[in-house]
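Hi,

Here is the structure I promised to pass on.

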Amino acid sequence: MDDNAALLVIVDAANVVGSVPDGWWRDRRGAAERLRDRLAADGLPGHQGAQEIVLVVEGAARGVEPVPGVRVEAAPGSGDDRIVELVAGAVGRSRLVVTADRELRRRVTELGADVTGPRSVRD
């Protein structure tokens, strides 16, 4: 593991946005942009040190632009598959995936990533 590399934080935008029934379904892109902006302002609360934050969007949220501090990856198909690809491509780094999706959690932990739930970025 590269101890000098920033923690790679990969956020499942659809799962995190969908974790609170606040009307997100009326404006999926806007909800993803609000999440992006919160991540850019606060990073991942409770985690010290450098972080590289990647927000994975899909469906109606495609087209969300990156901002300083948050890279946005628009999944061409399944957001879960894109997250798994990102985790697999970062072997040797500390990786943390933010999702509550059980199957996705299983897939990324098999690749050595840690996971945390949506509350870690919503609260």
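This is a predicted model: local features need pLDDT of at least 70, side-chain atom pairs count only at pLDDT 80 or more; totals for chains, interfaces and linings use all residues.

Leu 8 has Arg 95 as its bridge partner in E4, while Leu 96 is partnered by Asp 114 in E5. Arg 95 and Val 97 point one way from E4, Leu 96 and Val 98 the other way, and all are buried. Together, E4, helix H4 (residues 102-110) and E5 form a right-handed β-α-β unit.

Asp 12 is buried but has no salt bridge, and Arg 105, the nearest side chain of opposite charge, is 9.2 Å away. Among the residues Asp 12 touches are Asp 80, Asp 101, Val 98 and Leu 104.

Elsewhere, there are 10 salt bridges in the structure. Asp 81 and Arg 107 form one, with the closest N and O atoms 3.0 Å apart. Asp 81 sits in helix H3 (residues 79-88) and Arg 107 in helix H4, so this pair ties together parts 26 residues apart in sequence. Within H4, Glu 110 and Arg 106 are about one helical turn apart because four residues separate them; their closest N and O atoms are 2.7 Å apart in a salt bridge. Finally, a network of salt bridges links Glu 52, Arg 71, Glu 73, Arg 82, Glu 85 and Arg 93.

Best wishes

Key. Residues are numbered from 1 along each chain as its sequence is written. Side-chain values use heavy atoms; hydrogens and water are left out. Buried means under 20% relative accessible area, exposed over 50%, partly exposed in between (1.4 Å probe, protein chains only). Lys and Arg count as positive and Asp and Glu as negative; His and the chain ends are not counted. A salt bridge is a side-chain nitrogen of Lys or Arg within 4 Å of a carboxyl oxygen of Asp or Glu. Contact means heavy atoms within 4.5 Å. Helices (H or I, at least four residues) and strands (E, at least two) are DSSP runs, numbered from the N terminus. Two strands pair if DSSP finds at least two bridges between them. A crossover is right-handed if, with the strands pointing away from the viewer, the path from the first strand over the helix to the second runs clockwise. Lists of a residue's contacts leave out its neighbours within four places in sequence.
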